[in-house]
Structures are given as C-alpha cells and as structure tokens.
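Me: I'm new to this one, and I'd like to get to know it through a few questions. Could you walk me through it?

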Amino acid sequence: MIKIFKTFGGYVEINSPQHDCWINVTNPSTDELKRLYDEFHLPNDLINDILDQDERPRIEFDDKWTLIILRIPVEVKNNGVPFYTIPLGIFIAENFTLTLCVQDNEILPIGQPSPFRDQYKEISDSFNFILRLFLRSGNLYLKYLKQINQMTSLIEQDIEKSIKNKELNKLLKMEKCLVYFITSIKANEIVLAKLRNSKKITNLINEELLEDAFIENKQALEMAQIYSDIQSGMMDAFASVISNNLNIVMKQLTLISIVLMIPTLAASIFGMNVPNFMENSAWAMPSIIFGSLILSFFGVVLFRKRQWF
C-alpha cells in the first residue's frame, strides 16, 4: 500500500508526489514495487534489501539519495514468539522522503493517536524525521520490554508447581525476543552514531533530538540486557525446579506403592493354596484385612514422621 502525504505528520494525504512530501509504503504488492522502481526511481537491490526480514541496520550515501535502514519492534499475535524485529527503510531523495516496511507498525505516525502524531508537527526536514523515528523506536522497545517482563512474571508463578516443559518453552520464547531486541538495538545505535559523525548532514540534525534518541536506545539496550541476564539465570534455576518437582512426584508415587504393597503381600501369603493356622477360622479374612490396614497405617505414620510424604 502506497500513501503520499504533504507533511511528515501524515495529516494531509495527496494523490501525486510534490516537493518535500512523505511517501509511506507498507507491505507493497508486485505492481507497487514496480511503481517504486519506475516512478520513484528506487534501486531494485535496495528495495529487496529493505524487504529482507534479516537485513541489518545501515546507512548509505549517494550523490542523489541517502538510505537509512533501522530495525523496529513489532508485536505478533499468532506466533510462538510474541515480539520480533523487522527492517524499516528510509529513502531520502531530493524531492521526497520514502519509508518502506514489510508490514504495519507502531513507529510511523499513520493511524496513531493524536498525541503521538503531534510530535511530528515540528519536523520539517527528512533527517530530523528519521531521528524522531529512532526516538519512537526506542520508546516502543521499552514498552515491549515491560510487557515481556510482565509475561515472564506470570510464567514464573506457573513454573514453581510445574513438572512439564511447557513453561520452560515459554521462557525460551521470551529469551528469543530479548535476543532479537538486543541485536537490533545495538545495530540501531551504530547507525545513530554514523548519523552524528556524518559530515554530510551534521548541520541538518537537531542535536537535542539526536541526544534524546541516543538516550532512549541506550536505556532500551540496558533494560534488554538486564532482563536477558535475569532470564538466563531463571531458566537454569527453573530447569532444576522442574526436575526437583518431578523427583518429588516420583518419590510420592513410590511411597504410595510401598504402602499399597503391605495389604497386597498379606493377601498373597494367606491366599496361597497351602495349609496355615487360619484356613478354618471364620474371622480369617476380616483379621487379615484389619491387620493389613493397621500395618499400612503404621507405614504411613513412619513415612510422615520422616517427612517423606
């Protein structure tokens, strides 16, 4: 889908490109990709790079254009991993700025609440628009990291009584999210550093906005690393917890088997087809049952005294 806006805030949509407009492309079709190549003269190899799910963040300068790729977090509803990252490409030409992404996201101001879109009103040039995207990306990383922490806390409550691997698999998925985040944030930080040190655009960048973007990305990276370290230790600890819970269950089943073995043994002995002193007694069966129950009771008392139950 291709949308053309008069300003970076995405308020006024227009039908055809004009000077300093913003073109947003999301999940393009084959015809739209052809239009990007024919009408907007985007190099085909760059389009393929941006649409590659595993593309690394980078910045490229050319005489006629500038390309910046950053990785942004997205939430997935119907997937084992709740969050992962995808590339967002920003192509800056002389007359327009084009953003290209493989799916809808919360980074761009389109469809976002008014307070978020209002942040883009003061942005009138493409490079500071990019810094605003980096800043928004850092905020979104922090938001998703808090959600991951909350989801991890819920898993912890379930895993303390678990003897299955289901909860550990959930923790592993949380760990995957953190690895995706850490890798992407580090790469984004390198791109920000290149923007700061670039002589071509140094005079165009709002230093205060750049510093804010650095701070948000740094904070997101530190939080992701802290959560990842905590979760790695938790997975090792909870693996031991699950193993210990399983051992406790096996011990309890063994003790129950021992208690049940007492009446089974008595019934086996007195049920053999050999003479014994009770074969002619009318009280033989009640006595054997009662005696078995008494012995089983003392067995349970002994195990409880030793705190095996």
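This is a predicted model: local features need pLDDT of at least 70, side-chain atom pairs count only at pLDDT 80 or more; totals for chains, interfaces and linings use all residues.

Me: Is Thr 85 buried or exposed?
Reply: Happy to start there! Thr 85 sits in strand β6. Its relative accessible area is 6%. Buried means under 20%, so Thr 85 is buried.

Me: With which side chain does the side chain of Thr 85 make a polar contact?
Reply: Leaving out residues up to four places away in sequence, Thr 85 touches several others, including Tyr 141, Tyr 180, Phe 181 and Ser 184. One of these gives a side-chain to side-chain polar contact at 2.8 Å, and that partner is Ser 184.

Me: What distance separates the C-alpha atoms of Thr 85 and Cys 177?
Reply: Along the chain, Thr 85 and Cys 177 are 92 residues apart.

Me: Why do the buried residues of α2 line one face of the helix?
Reply: Good one! Helix α2 covers residues 44-51, and Leu 46, Ile 47 and Ile 50 are buried there. Looking down the axis of α2, these buried residues line one face because they fall within an arc of 100°.

Me: Which elements do the buried residues of α2 pack against?
Reply: The buried residues in question are Leu 46, Ile 47 and Ile 50. They pack against α1, β4, β5, β6 and β7.

Me: Is Leu 246 buried or partly exposed?
Reply: Leu 246 belongs to helix α6, residues 207-270. Together with Met 250, Leu 253, Ile 256 and Leu 260, Leu 246 makes a nonpolar surface patch of about 460 Å². Its relative accessible area is 38%, so Leu 246 is partly exposed.

Technical notes:
Residues are numbered from 1 along each chain as its sequence is written. Side-chain values use heavy atoms; hydrogens and water are left out. Patches are made of residues with over 30% relative accessible area and no salt bridge: like charges are joined within 9 Å, nonpolar side chains (Val, Leu, Ile, Met, Phe, Trp, Tyr) within 5 Å. Accessible areas come from the Shrake-Rupley method with a 1.4 Å probe; for residues, only the protein chains shown count as cover. A salt bridge is a side-chain nitrogen of Lys or Arg within 4 Å of a carboxyl oxygen of Asp or Glu. Helices (H or I, at least four residues) and strands (E, at least two) are DSSP runs, numbered from the N terminus. Buried means under 20% relative accessible area, exposed over 50%, partly exposed in between (1.4 Å probe, protein chains only). The arc is that of the directions from the helix axis to the C-beta atoms. Contact means heavy atoms within 4.5 Å. A polar contact is a pair of N or O atoms within 3.5 Å; within protein, one must be able to donate a hydrogen and the other to accept it, and residues adjacent in sequence count only if both atoms are side-chain atoms.
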